[in-house]
Amino acid sequence: MSAFILVCYLGLKMEGKIYFRNVNDCLSYKDRLNNQTVFKGKKEKTYQCMCKLVPQIDEKKVRVY
């Protein structure tokens, strides 16, 4: 099965990922999360999110929404 992965970074560190069956769902979440700012201590950081196609995943090991 193929799926789309939404990956979000805060600075250079990956903060989360989630798999979707539908690219439109992935892009919808990306649009809502991308470019949000968070304060860590005195520093302001911005979420950078992207959707990518994953050609082959094992549904027994990965939950796909």
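Let's start at the hairpin of S3 and S4: two residues sit between the strands, and glycine 41 there takes a positive phi near 70°. Helices and strands here are DSSP runs, H or I of at least four residues and E of at least two, numbered from the N terminus. This is a predicted model, where local features need pLDDT of at least 70, side-chain atom pairs count only at pLDDT 80 or more, and totals for chains, interfaces and linings use all residues. Residues are numbered from 1 along each chain as its sequence is written, and side-chain values use heavy atoms, leaving out hydrogens and water.

S3 and S4 pair antiparallel over four bridges; pairing means that DSSP finds at least two bridges between two strands. Valine 38 stands opposite lysine 45 in S4. Strand S4 (residues 43-54) also pairs with strand S1 (residues 3-10), again antiparallel, over eight bridges. There, valine 7 has methionine 50 in S4 as its bridge partner.

Now, the loop between helix H1 (23-33) and strand S3 (37-40), where we find asparagine 34. Is asparagine 34 buried or exposed? It counts as buried because its relative accessibility is 19%, and buried means under 20%, exposed over 50%, partly exposed in between, with a 1.4 Å probe and protein chains only. Leaving aside residues up to four places away in sequence, asparagine 34 touches Tyr47, Gln48 and Cys49, contact being heavy atoms within 4.5 Å. Its side chain reaches the backbone nitrogen of cysteine 49 at 2.8 Å.

Asparagine 35 is in that loop between H1 and S3 too. Though not a glycine, asparagine 35 has a positive phi of about 70°. Most residues other than glycine have a negative phi. At 48% relative accessibility, asparagine 35 counts as partly exposed.

Technical notes:
A polar contact is a pair of N or O atoms within 3.5 Å; within protein, one must be able to donate a hydrogen and the other to accept it, and residues adjacent in sequence count only if both atoms are side-chain atoms.
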